[in-house]
Amino acid sequence: MDLKSTRFYGAKSEPINHQSVVSELSAGSFTWQILEVDHGAVDQYQVLVAGGRDALDTEAGAQSYLEHLHNFGEITGDMSGGTAVPLGADQSNTSLVVDGTWMLKVFRKLEEGINPDVELLSSIGDCPHVAGVRGYLTHDGKVLAMMQEFITGGRDGFQLALDPGLYSEHDLGAAIRTVHEALAEAFGTETVAGSRIRGSLNSHLDELLTQTDALSPFEDNLREIYSRIPDGDVDIQRIHGDLHLGQTLLADRWYLIDFEGEPARPLEQRRLPDHPLRDVAGMVRSFGYAHAMGGKADVDKLLAGYGTSRSPVLDAYIADKAAYEVVYEANNRPDWVDIPLRAIRELS
């Protein structure tokens, strides 16, 4: 099948050197496959094929996956259900609503090891601001899918930010704090020197500078922002890792979703502890994008709800996120590159 025609394939700009089927099983009138793709790097993708096309996001395909998933690998917990329909609007993964109560999240790009989405949500399922995991499916050490609570009536946080007055930034900040506290309790914390944070951010900048020329004029500004981080000890812990308004839903309360971490980073990097202000910074930058698109979201209320204020550490993480956004926009939406560049200028 043509992976480049799918929404979830992540290397569309690179030629595919070789593609092969490494696992295959019949699933009724469909065929479940794991494809191995060489595009300079080698990745594996999970598909459900009919007529040479992926069909998981169709009603028949969704139902077939649910009915046959027990054949695809080993189930931990409970993944049973009667009916499945596609949630729709997915990109990197595909979500199916099971019996109107559960969400079956099917991971498309497969990686060796426990997916952070499964790992974290399995441990903090009693936190009121996440959808807990009921069960998950693995195949040869890779997580294929997980079954979690379905957040009924959830509205996307970014879309709400474009329609001011529908939500409380303070409550969102408080929800993020509650999730961080649950993660710290479940996985513990670690104390590191501020110099380690500075070193990590500078190393990340070294990588980003090789990916676009648009960031080069701001290198000195960014390194100066990072230099403001004090030398004292700070606590790091497991965090969301890729938090923005699109990773939140508002229903009866705020929920944080998609705990996989930043998709461009290798899995083992995404599982490393980090400063919780990285998540807060991601949300601040998401507010910046909402403002750029005509929305109104109050950063001060967000920070007050979280229980923090602007600081050299938070500013450094905001700058790091903006630098990442410069690379993304330069390579994907050049007309938008000034949105993150404006944030770096304001921090300098």
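**Helix packing and selected loop residues**

D258 has a relative accessible area of 27% and is therefore partly exposed, where buried stands for under 20% relative accessible area, exposed for over 50% and partly exposed for what lies in between (1.4 Å probe, protein chains only). This is a predicted model, in which local features need pLDDT of at least 70 and side-chain atom pairs count only at pLDDT 80 or more, while totals for chains, interfaces and linings use all residues. Residues are numbered from 1 along each chain as its sequence is written, and side-chain values use heavy atoms, with hydrogens and water left out.

D258 sits in the loop between β16 (254–256) and α7; helices (H or I, at least four residues) and strands (E, at least two) are DSSP runs, numbered from the N terminus. The phi of D258 is positive, near 55 degrees, in a residue other than glycine. D99 also has a phi near 55 degrees, again a positive value in a residue other than glycine. The loop that holds D99 runs between β7 (93–98) and β8 (102–107), and D99 is partly exposed, with a relative accessible area of 38%.

Two histidines in loops come next. H39 lies between β2 (30–38) and β3 (42–50) and is buried, at a relative accessible area of 12%. The side chain of H39 makes a polar contact with the side chain of D43, at 2.6 Å. A polar contact here is a pair of N or O atoms within 3.5 Å; within protein, one must be able to donate a hydrogen and the other to accept it, and residues adjacent in sequence count only if both atoms are side-chain atoms. Not counting residues up to four places away in sequence, H39 touches Y9, A11, E14, P15, I16 and N17, contact being heavy atoms within 4.5 Å. H275, in the loop between α7 (267–270) and α8, counts as buried at 11% relative accessibility. With residues up to four places away in sequence again set aside, H275 touches V234, D235, I236, I239, V313 and Y317.

Turning to the helices, α9 (residues 299–306) has V299, L302, L303, G305 and Y306 among its residues, and these five are buried. Seen down the axis of α9, the buried residues fall within an arc of 160 degrees, so they line one face of the helix; the arc is that of the directions from the helix axis to the C-beta atoms. Their cover includes α4 (169–187), α8 (277–292) and α10 (312–332). At the N-terminal end, D298 caps α9, with a side-chain oxygen 2.9 Å from the backbone nitrogen of D300. After α9 comes G307, whose phi is positive, near 95 degrees.

Helix α5 (residues 194–209) packs against helix α6 (residues 219–227) at an angle of about 165 degrees, and their axes are 9 Å apart. This makes α5 roughly antiparallel to α6. The residues that meet are R198, L201, N202, L205, D206 and L209 in α5 and E219, L222, R223, Y226 and S227 in α6.

Finally, A330 belongs to helix α10 and counts as partly exposed at 24% relative accessibility. Leaving aside neighbours within four places in sequence, A330 is in contact with T212, A214 and V337. The C-alpha atoms of A330 and G157 are separated by 25 Å, and the two residues are 173 residues apart along the chain.

Methods:
Axes fitted to C-alpha atoms, helices over the stretch in contact; angles between N-to-C directions. Parallel < 35°, antiparallel > 145°, perpendicular 65-115°, else oblique.
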